[in-house]
Amino acid sequence: MKRTAFRMLLALAIVTCSPHFRAAAGDYPSKPVQFIVNKGPGGGSDTVTRIYAACLEKVLNCKTVVINRPGGDGVVGTNDVAKAAPDGYTLFVTSPNEITYAMVNGSGVQFDTGSFAYVAGLNIRGSIMAVSKDAPFKTFAEFVEYARKNPRKVTIGTPGGTQIGNVMELAKAIGAELTIINAGNGNQLFTQVAGGHIDIAFIGAQFYPKFQDEKCPVMAQTVGVREDGWADVPTVKELGYDFEFDVRMFVYAPAGTPKEIIGTLSGATAKMFETGLITDMFKKAGETPKYLTPEQVSDYLKVYNKKSLEMMRMVRESKK
């Protein structure tokens with residue numbers, strides 16, 4: 001009898017000392033929260049991650065660490081998150097097309113769309129089409145005319161492989177053949193277009209001020225309605241072509257992360273938006289804030305992932 005009672009007390013002690021129990025009891029986070037970025041420094045994912053991590057420190061009074069783990073066009077860092085302990089101490093801020101692209105086109109992939117739990121949605125971002133000063137065109141109309149007359153001569157770069165499918169859709173919409181180049185990340189793409197090595201950057205709109213500084217024309221944006229920060233730039237749809245595209249960044253945790261921890265993180269994110277803490281920082285960085293609950297992210301991805309996987313397979317077929 002005494003031995004049974006001792007075993008029960010021992011089991012209770014083990015459970016109450018476990019990280020999951022402490023998190024459920026409100027002790028989370030009790031150590032630094034690690035954010036993994038699957039691209040190098042300076043790109044859109046890196047910028048949004050660092051803003052979010054800084055805000056999380058203030059709201060939860062915790063320490064955060066941001067680690068860049070590029071490689072395999074996003075596969076290396078994403079694998080690390082998928083394999084991490086589901087304890088709330090390893091998080092990931094990325095767009096869902098990063099995940100679907102790697103699933104279809106990556107090598108050594110150890111994750112799928114079910115490998116992650118959803119914490120929150122952070123923003124919505126269109127892309128802009130910025131032109132090198134050396135390109136033989138400056139406006140969208142001139143670009144279309146030149147691209148149609150010169151198949152595959154126009155080089156258009158993307159910040160990684162994830163947006164290749166969108167550029168393929170754009171090429172179809174304008175009736176032209178383009179040479180699509182994977183530049184690695186946004187910062188690298190900006191440098192290559194500003195330096196005249198690529199004709200066009202199909203890039204996150206947060207780079208708009210940098211292209212203005214370089215006197216590189218920005219001929220179009222990809223969202224359905226003009227963004228406030230660059231309202232002087234027409235949308236592709238306005239210009240008469242059936243094309244629309246935006247990127248949304250979500251906060252992910254490894255699948256199996258306790259609901260209590262997801263709730264703490266989602267609640268902290270909601271507070272960032274309610275107080276204006278993260279919205280002000282996003283706007284200064286050229287991002288458009290848009291908060292989504294875990295449930296809203298889940299509903300969005302049920303539709304998005306299916307369409308995105310089909311597009312990524314189209315990208316794979318184009319490489320054969």
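In this predicted model, the lining of the largest pocket comprises, by class, eight nonpolar, six charged and four polar residues. Two or more lining residues are given by each of three elements, namely the helices α7 (164-174) and α12 (294-318) and the strand β9 (246-254). Of the elements concerned, α12 supplies the largest share of the lining of the largest pocket, with eight residues.

The second largest pocket has a volume of about 280 Å³. Its lining is made up of Arg152, Ile164, Met168, Ala171, Ala176, Glu177, Leu178, Thr179, Ile180, Val315, Ser318 and Lys319. Two or more of the residues in this lining come from each of α7, β6 (179-182) and α12. Here the largest share is that of α7, which contributes three residues. In terms of residue class, seven nonpolar, two polar and three charged residues line the second largest pocket.

Helix α7 gives two or more residues to the lining of the largest pocket and provides the largest share of the lining of the second largest pocket. Helix α12 provides the largest share in the largest pocket and also gives two or more residues to the lining of the second largest pocket.

Technical notes: Residues are numbered from 1 along each chain as its sequence is written. This is a predicted model: local features need pLDDT of at least 70, side-chain atom pairs count only at pLDDT 80 or more; totals for chains, interfaces and linings use all residues. Side-chain values use heavy atoms; hydrogens and water are left out. Helices (H or I, at least four residues) and strands (E, at least two) are DSSP runs, numbered from the N terminus. Ala, Val, Leu, Ile, Met, Phe, Trp, Tyr, Cys and Pro count as nonpolar, Asp, Glu, Lys and Arg as charged, and the others, Gly among them, as polar. On a 1 Å grid over the protein atoms alone, a cavity is a set of points where a 1.4 Å probe fits but cannot get out, and a pocket is an open set with protein on both sides within 12 Å along at least five of seven lines; lining residues have an atom within 4 Å of a point. Grid points are joined across faces, edges and corners, and a volume is the space filled by probe spheres set on the points.
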